Structures are given as structure tokens and as C-alpha cells.
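Student: I am new to this one. Could you show me how to read a few of its features?
Tutor: Gladly; let us look together.

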Amino acid sequence: MIVAQISDTHIALDTPDADRRISDFALTVADINALDPAPDVIVHTGDIVHNGRQDEYAQAVAILAKARAPVYVLPGNKDNRAHLRAAFSACGYLAPNSDLIDYAIDDYPVRLIALDTLSSGSNKGDFCPEQVRHLIDLIDAETIKPIAVFTHHPPFEVRVGPDPLNFDTPEIMAELRRALQHSDRIVAIFSGHVHRAAAGHVGSIPATVMPCIATTLRKGEYPAHMKIHPIYHVHRYDPVWGFATETRIVGTGPRLARDAKSARASMIA
Ligand SMILES: [Fe+2]
């Protein structure tokens, strides 16, 4: 099973880099479409848009409509749950009567569990006791398949950048980490939010963070020629070896490099 993960596209329509965020997102989807073998799914781990606005979601939906693989989304701190739900309701996997956007996808050899870690009071993550119980229920709903969990906020300390803790309190993150270790069938945790690549653990479960797709918001040092290229992750699952993660740099192949150049040129014109 192959999962293409994208994150932190931060679509905005009224910032100076608005066109670039759109082209970063669109070029990434085009790169995913060109993968051979193709991914089974694409998961967007949040901060789809920057201001939670309906017109931003309309733009994001239009870009994702070009994806050949099924797309699943979850919210980041910049997202608006109601507008996200309305924009993606036609996809059919978001429960219509729930406030939170937590769900499981059972259609693949690896179950996918998406968690909603939005906090009402900060840009950091939250995960209340009710969500802990719901996560345990989601895990226990099936007892055979391995599980990959997707969150916006990473459930481990990312010790580079301004603040290693990405949840409102250490106790909230500890409760989430405890729940994630409820079953040894959870084989990987994939997150976003910090806009730079990182890796850690939840107990013995490997956990990774992918850089943000929006190149103008990406953290970390990159050589100048790399700065226009979005970066995303491809997670390939093997029953023996678990997930192996490839970092993909968009726009470095001959065709995509040409597309990227013409997209940039049309923005400048
Ligand atoms: Fe973000």
C-alpha cells in the first residue's frame, strides 16, 4: 500500500504569495499523479487553507479534484471545521453530524485513522478525554489490520524550532500518546504543522513530520535552488518491514521542472 502525504498548503487568496501557494499545491498534486506505481491514497494532514474561508476551500477542492488517487483530509489549526466539512462533504467519509473530524478508513490493507487535534484556544493541539475514548473505539473496531494514524500536530516533542511541545499541555499530549499505544497494530504516525521534516517515536511507534507544501512558509535551511520546490512524503507499506518513507522534491524531473518554470513565469507576468 502506498500513501502520499501532503500537508500545510495554507491556501490564501489575499497574500502576496497567494499564487505561489496555489502553484505549490497544484504542482505537488501533478507530481503525485505521475508516481509509478501510483499511490493508493493521498492524505492531507491539515492547514489546507490559511484563514478558514469558504473561497479558500473552493480553491483547495479545485486543486485536489485533479488528484487521481482518493484524497482524505483532516483539519489543522488554520482550518475551520465547518467550512472544511462543507467543502469536502461530497467525498462521503466525514460524519455529517459530528463536530470533530475524526474517522477511520477501512478500505485498504492498512487502516487509516485521522484525528482532529484542533484547539479552540490556541494554535497548538488539543485532545480531550472524549476524543481519547473515541480513538480507542476506532482502534478496536477492527482487530486484524495494521493501522496508520494521521494528525496535524505531532504527538512528540520536535526539538528544533521555537517550541518543542505542539499541544496545549504536556498532559494532553501524554494522554494522546497513551491512547496511541493502546494497540500494537498502530505501525506509524504521520503529522504536519511544524513546517519542517522531523522524526520521533510514540513508545515504539515511529512518527514522522513532513515539511509544508507552501514553499514560502517552509522552515529549515535549503539551498537557493531548492526554495521553489515543494516537498512531500510517500509512505510505502510492506507487511514485513512496515512503512518506508520517501521524501519527494517536486519539479526536479524534466517535465515537472518545465511545468514549474512556466507556472512561475505566468505568475510573474
Ligand atoms: Fe501550517
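Student: Which residues in helix 2 meet which residues in helix 3?
Tutor: Some background comes before that. This is a predicted model, where local features need pLDDT of at least 70 and side-chain atom pairs count only at pLDDT 80 or more, while totals for chains, interfaces and linings use all residues. Residues are numbered from 1 along each chain as its sequence is written, and side-chain values use heavy atoms, leaving out hydrogens and water. Helices are DSSP runs of H or I with at least four residues, strands are E runs of at least two, and both are numbered from the N terminus. Contact means heavy atoms within 4.5 Å. Here Q54, Y57, V61 and L64 in helix 2 meet H83, L84, A87 and F88 in helix 3.

Student: Which protein donors does the iron ion have?
Tutor: Donors are N, O and S atoms within 2.8 Å of the metal (3.2 Å for Na, K and Ca); water is not among the atoms, so sites may look incomplete. For the iron ion they are D8 (OD), H10 (NE2), D47 (OD) and H195 (NE2), lying 2.1 to 2.3 Å from it. D8 sits in the loop between strand 1 (2–6) and helix 1 (18–33), and D47 in the loop between strand 2 (41–44) and helix 2, so this pair ties together parts 39 residues apart in sequence.

Student: How are the donor residues spaced in sequence?
Tutor: The spacing for the iron ion reads D-x1-H-x36-D-x147-H.

Student: And which residues of helix 4 and helix 5 meet?
Tutor: On the helix 4 side they are V132, L135, I136 and I139, and these meet E175, L176, A179 and L180 in helix 5.
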